[in-house]
Amino acid sequence: MLLRRFFDEQLAQTSYLAACDHARLGVIVDPNRNVAQYIEAAARDNIRIVAVTETHIHADLVSGSRELARRTNAQLYLSDAGDAEWKYGFAGESRAELLTDGSHFMIGDVRIDAIHTPGHTPEHMTFLVTDTAVAAEPMGAITGDFIFVGDVGRPDLLERAAGYAGTMETSARRLFQSLQAFKTFPDYLQIWPGHGAGSACGKALGAMPQSTLGYEKLFNWAFAEDDEERFVTEVLAGQPEPPAYFAIMKRVNRDGPADAPTTVPPVAGADEIARSLSAGETVVDTRSVLEFAARHAAGSVNIPRNRSFLNWAGSLLPYDRDVCVIGDSSEEARRQLAADLSLIGLERVSGVFPAESLDELSKLGVRMSATRQISVGDVRTRRNATILDVRGRSEFAAGHLPRALNIPLGELRRRLDEIPEGQVVVHCQGGSRSAIAASILQRGGRDDMSSMYGGFSEWERSGNPVERGSRTQGS
């Protein structure tokens with residue numbers, strides 16, 4: 001048997017190719033929208049992709065299963081085990097074979113068994129992989145968002161992201177029951193999870209790419225908890241705020257994702273950016289925090305092109321309107337930008353303006369601005385300023401500056417009117433989120449604003465007073 005792992009750092013998401021080395025046939029599990037990578041990898045290994053499947057209806061990316069199955073003429077396998085409202089709407093037209101608990105299919109000598117493991121989502125499947133040429137028992141399990149290294153999938157997304165009220169506790173109990181049932185498999189079973197550290201699909205995911213069931217039984221908190229009530233409380237506590245785009249992804253992937261776009265955004269002219277800024281449209285500056293802070297076009301929003309780019313782009317950019325970008329305007333950079341944004345369904349980049357040409361905007365009358373950076377020591381002297389903490393609720397509860405106001409970054413744009421008039425000092429944990437927040441505040445007309453350099457980490461490291469507990473406003 002052959003197993004290949006594909007890890008996307010921006011999504012912290014893993015896909016797999018499991019193949020029969022003898023028959024040279026393979027199945028792709030949980031493909032994202034970059035389907036070319038699977039086709040190319042299979043070709044390098046002289047493998048023909050004959051099956052495509054996914055563990056569940058994803059919330060953090062646009063699924064590539066439908067497109068990949070069509071392009072490779074492979075059989076599509078989809079779960080039919082979920083609640084009525086979470087059935088795959090495109091299964092019929094895609095001629096998908098539906099899987100229920102206990103279903104299996106063969107890829108040459110490799111047997112794939114579908115085990116219904118609800119909790120993260122109602123329809124979630126875990127796939128046991130057996131190399132029947134040498135064994136009668138499974139070697140490993142592709143667990144999707146069921147079991148991670150050191151954690152389990154969060155059961156609150158249907159309620160908190162997709163708006164299905166009252167489902168969190170029920171999902172948490174289903175997750176507990178799925179874990180109890182899964183304990184019966186042998187300890188040597190390898191665990192191949194769908195996400196790693198950095199994903200918002202759990203709260204404490206490990207960075208290791210794989211584990212074993214025996215190791216997780218010993219060191220994963222979820223396996224150590226045998227009391228259902230305590231498990232439910234613990235698994236729902238402290239979950240990070242789900243990015244706003246998760247709700248969109250759930251519906252797209254349920255109803256039927258389209259093929260990934262292939263167009264490359266054009267180079268935008270200075271006049272186009274100037275018009276967009278004047279009209280209050282979204283202009284995103286993808287330069288680094290320090291570059292943006294030093295000088296930027298007033299009204300633009302800073303979302304640095306780093307590992308967190310897709311998370312904040314999906315949370316802060318509109319899906320129903322065009323977006324202009326300031327950044328690297330080379331052809332390859334524009335092509336990669338469009339491909340990356342398409343992973344989360346953002347497809348309306350109207351153009352990319354070269355960041356080195358800001359002077360052209362200034363000549364057209366666009367005001368240039370900067371972000372004031374102040375030290376932890378300076379913050380202590382600003383007794384009348386509002387201290388705005390844009391970290392998540394659980395981070396804030398674990399420790400925060402005295403008298404700080406907590407509005408998580410993903411909610412800031414719609415909650416600007418909750419921030420008192422006067423001076424504002426914004427901060428996060430280390431500085432990246434507060435840079436984005438500062439640009440949102442400036443775009444909203446709050447020029448009496450500073451960003452605390454070093455964030456809460458520097459505040460605490462310097463021995464300053466810290467308060468515990470939650471005083472978060474809103475929900």
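Modeller: Please note that this is a predicted model. Side chains of opposite charge can pair when their charged atoms come close. With a cut-off within 4 Å from nitrogen to carboxyl oxygen, the count here comes to 35 salt bridges.

Colleague: Which residue does Arg71 meet in a salt bridge?

Modeller: The partner of Arg71 is Glu67, with an N to O distance of 3.5 Å. These two residues lie four residues apart in helix 2 (residues 65-72), so about one helical turn separates them.

Colleague: How is the packing of helix 11 and helix 12 to be described?

Modeller: One reads the angle and the distance between the axes. For helix 11 (residues 309-316) and helix 12 (residues 331-342), the angle is about 65° and the axes are 10 Å apart. Helix 11 is therefore roughly perpendicular to helix 12. The crossing of helix 11 past helix 12 is right-handed.

Colleague: Which residues make the contact?

Modeller: Helix 11 contributes Phe309, Leu310 and Ala313, while helix 12 contributes Leu337, Asp340 and Leu341. Five of the residues in this contact are nonpolar, none is polar and one is charged.

Colleague: In what order do the six strands of the open sheet run?

Modeller: The order is 7-8-9-10-11-12, with mixed pairing. Strand 7 (104-107) and strand 12 (211-212) are the edge strands, each pairing on one side only. Within the sheet, strand 10 (residues 140-144) pairs with strand 11 (residues 190-193) in the parallel sense, over four bridges.

Key
Residues numbered from 1 in each chain as written. Predicted model: local features only at pLDDT ≥ 70, side-chain atom pairs only at ≥ 80, totals over all residues. Heavy atoms only, no water. Pairing = 2+ DSSP bridges. Axes fitted to C-alpha atoms, helices over the stretch in contact; angles between N-to-C directions. Parallel < 35°, antiparallel > 145°, perpendicular 65-115°, else oblique. Left-handed = near helix turned anticlockwise from the far one by under 90°. Contact = heavy atoms within 4.5 Å. Nonpolar A, V, L, I, M, F, W, Y, C, P; charged D, E, K, R; others polar. Salt bridge = Lys/Arg side-chain N within 4 Å of Asp/Glu carboxyl O.
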